Amino acid sequence: LTHYEAKMRMEQSGVDAVMVGRGALMKPWIFKEFDDGASYSPDAAERIGWYRTLASYMKDHFGDDSMGKKKAFNFLPWHFEFLCRYVDLPERDWAMASRETPLIQSRIVPEYEDMPPLEQLLTCRNKETH
């Protein structure tokens with residue numbers, strides 16, 4: 001899900017809101033994009049910051065004791081299965097394609113050859129990696 005897809009769908013249908021669902025699991029900064037009305041393409045270090053924030057929220061919610069850590073460690077891998085699916089889809093490159101099919105349904109897999117090692121790690125879809 002991208003902010004430009006949501007805006008386009010809202011204008012086409014006349015609705016006042018859209019459900020974000022999986023889009024927020026893949027890129028929790030989608031709400032920042034909605035607020036700014038612009039794409040936000042965080043680099044690997046910035047995305048790690050978002051993941052650390054998620055872990056901090058889990059620590060606050062579940063607690064820092066052994067039971068809390070156990071609960072958080074059950075949820076974190078599940079979240080990483082979504083977070084690793086993030087692909088930068090700038091409006092200038094993808095707006096036309098999004099008119100035909102929602103990009104979230106496209107299951108676009110990035111090219112790994114030219115990716116820095118940290119980026120490769122963050123986009124790896126192997127469960128053991130997370």
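This is a predicted model: local features need pLDDT of at least 70, side-chain atom pairs count only at pLDDT 80 or more; totals for chains, interfaces and linings use all residues.
Helices here are DSSP runs of H or I that span at least four residues, numbered from the N terminus, and in those terms Tyr 51 belongs to helix α4, which covers residues 44–62.

**Thr 2**
- Thr 2 sits in the segment that precedes helix α1 (3–13), and because its relative accessibility is 3%, under the 20% limit, Thr 2 counts as buried.
- From that position, the side chain of Thr 2 comes to 3.1 Å from the backbone nitrogen of Glu 5.
- Leaving aside residues up to four places away in sequence, Thr 2 is in contact with Lys 27, Ile 30, Glu 33, Phe 34, Leu 89 and Leu 103.

**Tyr 51**
- Tyr 51, in helix α4, is likewise buried, with a relative accessible area of 9%.
- When residues up to four places away in sequence are not counted, Tyr 51 touches Phe 80, Leu 83 and Leu 122.
- Between Tyr 51 and Trp 29 there are 22 residues of separation in sequence, and their C-alpha atoms are 11 Å apart in space.

**The largest pocket**
- Sorted by class, the lining of the largest pocket comprises 9 nonpolar, 3 polar and 7 charged residues.

Technical notes:
Residues are numbered from 1 along each chain as its sequence is written. Side-chain values use heavy atoms; hydrogens and water are left out. Helices (H or I, at least four residues) and strands (E, at least two) are DSSP runs, numbered from the N terminus. Buried means under 20% relative accessible area, exposed over 50%, partly exposed in between (1.4 Å probe, protein chains only). A polar contact is a pair of N or O atoms within 3.5 Å; within protein, one must be able to donate a hydrogen and the other to accept it, and residues adjacent in sequence count only if both atoms are side-chain atoms. Contact means heavy atoms within 4.5 Å. Ala, Val, Leu, Ile, Met, Phe, Trp, Tyr, Cys and Pro count as nonpolar, Asp, Glu, Lys and Arg as charged, and the others, Gly among them, as polar.
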